[in-house]
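Please consider the following note alongside the model.

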Amino acid sequence: MYEIIAFYLFSALTIGLFLITVMSKNVLYAMTSLAAGMVLISGFFFILGADFLGVVQLIVYVGAVMALYSFAMMFFDATRDIKEKNTNSALIFLLGGLSAVVLVLIFAAPIHSDAIQALYPMHEGVGNAQDVGIVLFTKYLVPFEVAAVMLLVAMIAGIILAGKKMDQSLTEDMAADDEIMTQKDAK
Amino acid sequence: MENLVYIALFAPFVSSMFSALFGMSPRQTFVGIVASSLLFISFAASAMLAFHVYTTGTSVHVTMMEWISAGDLTIPFGFLVDQVSVTMMTVVTLVSTVVHIYSIGYMDHDKSFNRFFSYLSAFVFSMMILVMSDNFAGLFIGWEGVGVCSWLLIGFWYHKEDVSREENPSISPSWAANEAFIMNRIADLGMLVGLFILYWNVGSLQYDVVFSALPNLSGSILNAAAVALFIGAMGKSAQFPLHTWLTDAMEGPTPVSALIHAATMVTAGVFLVIRANPLFAMTPEVSFFIAALGTFVAFFAASMALVNRDLKRIIAFSTLSQLGYMFAAAGLGAYWIALFHLAAHAFFKALLFLGAGNVMHAMHDELDIFKMGGLKKVMKWTYIYMGLASLALAGIPFFAGFFSKDAIIETAFNEGTLVLWAILVVTAGMTAFYSFRQVFLTFLGDERYKAFGIHPHEMYKFVLVAMSPLAILAMVAGFGMGSFEHFVTKLLPEYHMSEHTHHIAWILGLVVLVFAVGGIWLAYKKYAKGLKRDEKLENSFIYKLLANQYYIPQLYGEFISKPYAMLSEMMWKNVDMKIVDATVDGIAKFIYKSGDGSRKMQTGNLSNYLNWMAVGGVLLLVVAALSAMLG
Amino acid sequence: MDNILSVLVFFPAIAGLLGFVVHKESARAYGITVAAIEFLLSLWLWFSFDTANAGMQFMEMIPLIPDFGVSYYLGVDGISLFIIIMATLMTLIGMMSMSTTHNIKNMIITLLFLEMTMVGVFVSLDAIIFYLFWELSLVPMLYIIGAWGGPLRVYASVKFFLYTFAGSLIMLVGMLFVAYVYHNLTGVWSFAITDWYALVLPVDYQLWLFAAFFLGFAIKVPMFPFHTWLPYAHGQAPTIGSVILAAVLLKMGTYGFVRFSLPMFPDASVIAITPIAVISIIMIIYTAMVAYAQKDMKQVIAYSSVSHMGIIMLGIFAMNAEGIGGSVFQMLSHGIVSGALFMLVGVIYDRRHTKMMDEFGGLASVMPKYAVIFGIMLMAAVGLPLTIGFVGEFLVLLGFYQVSPIMTILAGTSIIIGAVYMLTVYKKSFFGPITNEANRTLKDLDAKETWSLVPLVLIVVWLGVYPKPVLGPIDNSVKAMLTFMDEKAITQEAKDMIQVARSVTKTGEVK
Amino acid sequence: MIGLTHYLIVSALIFSIGLMGVLRRRNLLMLFFATEVMLNAVNIAFAAISHYYNDLTGQMFAFFIIAIAASEVAVGLGILIVLYKKYGSLDLDDLASMKG
């Protein structure tokens, strides 16, 4: 009973929050609701018994990713409302709606699961983190290492891409840039 | 004997090659002399072979080498000298030799003198292959070979311009040459089909093998083969409806007309029917058709000759008519009579043409007999020769034509085909009329040529001498009829008149004679005193119809050549360019345009790309859902 | 020399590579020398060829990708031998007569590469190697047309390339499928044609595969309605390009039918007789009519090529030794005759820079030697007996008569309409008075042109009078192939249709 | 009782919301947000499948997706900053240099 309530609560909340993320004109609102949605999704993971995944979700998404976004926001003007041309919104809603309907249809259809056998079954009485650790460091060791390298690469890439001309302000108007350029030319 | 065969065959070839060496150099008389001597050697060899065959009664058969060998087919270059072929060889080489010598005189002003001899000898070589071959394929080599030589020789004066049909019915020498070649090709297709039929049913194209296998074949195959071969014969012998090329072929130099289009090549069709007599003897329906067609052509051609004004064309029509006689005889089963008429006709018709050549030479290539007259004074010998030949052609007793033609008419009576007999008799009268109309208009009466400022002169002496063998043969050849029959019937089936026919033969002969003499008399009355033009007659429908050759050349032009050209044009411009090629280009254009069109999708706007991606994704989802539901 | 075939294939290519260092002035002499050596090598191949042996000879085999059974596998039999000799001969003659002067070095090198691919196609016994050479041959030709061609050269060369390329890709799919089936049946991969021969396929497989190969070959032949690239390619190509294209490249298509389609898919081939015969007859008559309507001398020859290729196609599907042997012979005949005709058109084009017939007229008076050689080639083209053209055409029609008399008569009209357009060309160009003053001063054939054309004339006459040395080995190999097909055919209809050596109804048998 | 289907439907709905965001938004930052939403939706599905089939593979996938999402954000944001420096805008309509 507790599980049902939790599921519906989380579902309603995440859908609502993500809708705000997608619809909102304000970047700050969007980001905040996204972060909240992420937290609630970790709730799903806890319900599902994937404790470790839930924790990772919290740490990585809500902690790291959101932090990245918030830092990135500092480069841009987050206070301004975003002006977008929303052409063809009918098509967009149609596509979104259609995909939702079709996906739901597919998933709602009975899934024949007889043929599916667990390759790496969970063990009763053993913690999720332990299970995950065993699989991650045996079967998925190589992908895990690759993922680690990828994260390193991404980090370096992020620093290099964002780090150029850090001395210049992005939020001030571009005229300053031009001034600098003209000064350089003058020299 | 084998060497003689090769000498007879290859002497003309050597002559041709020798002349060809000088083909592009200016006129050299010795070329003509060498060519003529080589031809005479060929004639001598042929005569010796004839003597050999005549005395021993055996035939000479040589196989030179294998030609084509593929699958089960083996075609050798084999040559057979028997009674039929040796007759043809002798006639061909004799007339050829005379014509060669004649040409030295006739072509003496022509800058392509050497080239002419090369072609002429090549023709003789082809003709020798045609008559000597021991198989149908070899015959076909000669058949096509004479066709090409005929093309070369008709178009000898290729530099002449095309003119309208009203000005010159055969447009130009090169046009006439092409017409002749193409018409012959139509018939050659029939001939080829005949060869195929025989091969696939007999397994060989050798005469002896084919003929001995004939009794085993079914009637329909025999008929098909006979019809196909006869179609081939119709082309070469210019039978209706493939006859128009022969008169147009008169564009060629006159010696060519004498040799090719009178004495030898055009008789190849008759030769084929005689050669394949076992086949035709087994197909009475086809044979009767041949006889009927021959009779029709005899009359048809004679009718056109009645009103024609062109010296050579009249003779050409008469050739056509005489070929009809030969086919009539062959079709009625009297093969040896056909062959006899072929030989006799070769002599007097060649003589007639050569005489016409003399007149042309004298009249500076004027051919309209209405512009001649009175030439007897300056061209006595030519007059005599042409008179003799015309007498022979008309079938006046004791000249060559009398015996042979009479025999044919008698055969028609003997076979009970009285309609054919009647037509042939009437045609004999017409023959006499047009022959003498031509002779009288040319040689007698008022000297109309003077109005055109022409000063005619007699031909060179040696030319006249060279023509004399033909003249003599035209007079006396008929007397050899008995021994000829004896000679060739060793090979050809004998033909005997019935008791009844034999009984009344003299009456039949008399009837023919009455018609012939009547024809001559009519011609004499009308034309000997000079030309009196009868406007009313000349404007009558029949006269115009005949003068325009029943409008058949025009019909062919309007209903075959022109539509073919138009259809070709349409095939090219509309079908090939606008349908076939346009389809291909259309596919290419479609690919290009679809690329060009879809290029607009590349707006560079990521949002649009995302939209497209989503559309694709959703579509795939839908497909997945549908297939899951349906599957 | 055991590996004479490899030498034949790669000698021109290596010589072509070396050609890059040859000086421009001597490039032509170099090319002619190489081509002459290559020609002599091919003649040597003929002399050491065992004419009594109907099978493959001089075989070489080096595995290239053993896992997939791809190997460098060469061999010749009576069918391919003479096509190879013709290819080397026509390359030599083409180079000798070549009048191109700009970029001559590039031209020579391109031609030598082309020669490699041409010889390669005809000696390959491995489908992948065959395909490789087949496609490679497009590249030099594309370059020749595109670089030395007429005003529309880019369009023509791209059309030529894409069209034939599209067809051969489908053929490649077919080849891969055959290999796949072979793998399924035997458990090993092989692309060797001789291995494929042993494969007995069900009729429906045969039909699909036949169709796939058909597309590749038919476009190359080119069969109606895939022929429209040809007039453009010929119309725009330089003389040498047209000569090689008509003489050799087109033969690849018909050769492919003989080498692949017939022995591999005998039942499908028998089923295809009627449709292919109908297409062939359309080709023969239709393109002959189109040729008649042309104003451009070269286009006439180009369309006449299509018409003649129709005869060859008809013979291949006669399914008897006469027809197929005649077809192979006709390939040689057409190669030499049409090659010579294109060279002749090139001669007049060099002098007048036009190929339009109404520009000419009366050429026979000013250029007698030219007119004579043109006349001989024309007569060979219309199939005059005692020229090379007759033997093949006669045998093809004779062979096909057994299949269908009516169709043979229709196809036989080619001897009539062929004469119609050829004689029309001759009359328009050579006969009549000289109407165009520019023609009055034309020079007759010079030594270079004469020396390149006279050998062809000699061959035309020699093989017309005495075709046995060539026809004999062809006949042997064709008979062997037919015997093999007859044994391999699974349906009774096919067995009945394929005539080995018992083609003639025995005398006395009443049908 | 809540079954796998329920989770999958929720996942599908969230995914569609993300998709709609991707389609609708022109601002690159917002696009990133929408992408995150989609990734999370998938993660839910994986975790649910993992749970209901009693198999850890699904969770493994989710881990890697999170790892990839993290790198994506790091690199992506770096690129965004460079873009913003260069064009002064993050609007897709202004960034049409790939027009074909």
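1. Two residues are in contact if their C-beta atoms, placed from the backbone, lie within 7 Å. By that rule, 72 residues of chain A are in contact with 63 residues of chain D. This is a predicted model, in which local features need pLDDT of at least 70 and side-chain atom pairs count only at pLDDT 80 or more, while totals for chains, interfaces and linings use all residues. Residues are numbered from 1 along each chain as its sequence is written, and chains are lettered from A and ligands numbered from 1 in the order in which they are written.

2. Helices are DSSP runs (H or I, at least four residues), numbered from the N terminus. On the side of chain A that touches chain D, helix 4 of chain A gives the most, with eleven residues. By class, this side has 56 nonpolar residues (Ala, Val, Leu, Ile, Met, Phe, Trp, Tyr, Cys and Pro), five charged (Asp, Glu, Lys and Arg) and eleven polar (the others, Gly among them).

3. Helix 2 of chain D covers residues 28–52 and reaches 36 Å from its first C-alpha to its last, close to the 36 Å expected, the expected span being 1.5 Å times one less than the number of residues. A residue is buried if 20 or more other C-beta atoms, placed from the backbone, lie within 10 Å of its own. Because 20 of its 25 residues are buried, helix 2 of chain D is largely enclosed by the rest of the structure. Just after this helix, Asn54(D) takes a positive phi of about 60°.

4. Elsewhere, 53 residues of chain C are in contact with 48 residues of chain B. The side of chain C that touches chain B has 31 nonpolar, 16 polar and six charged residues.

Terms used:
Helix = DSSP H or I, 4+ residues; strand = E, 2+ residues; numbered from the N terminus. Buried ≥ 20, exposed ≤ 12 C-beta atoms within 10 Å, placed from the backbone.
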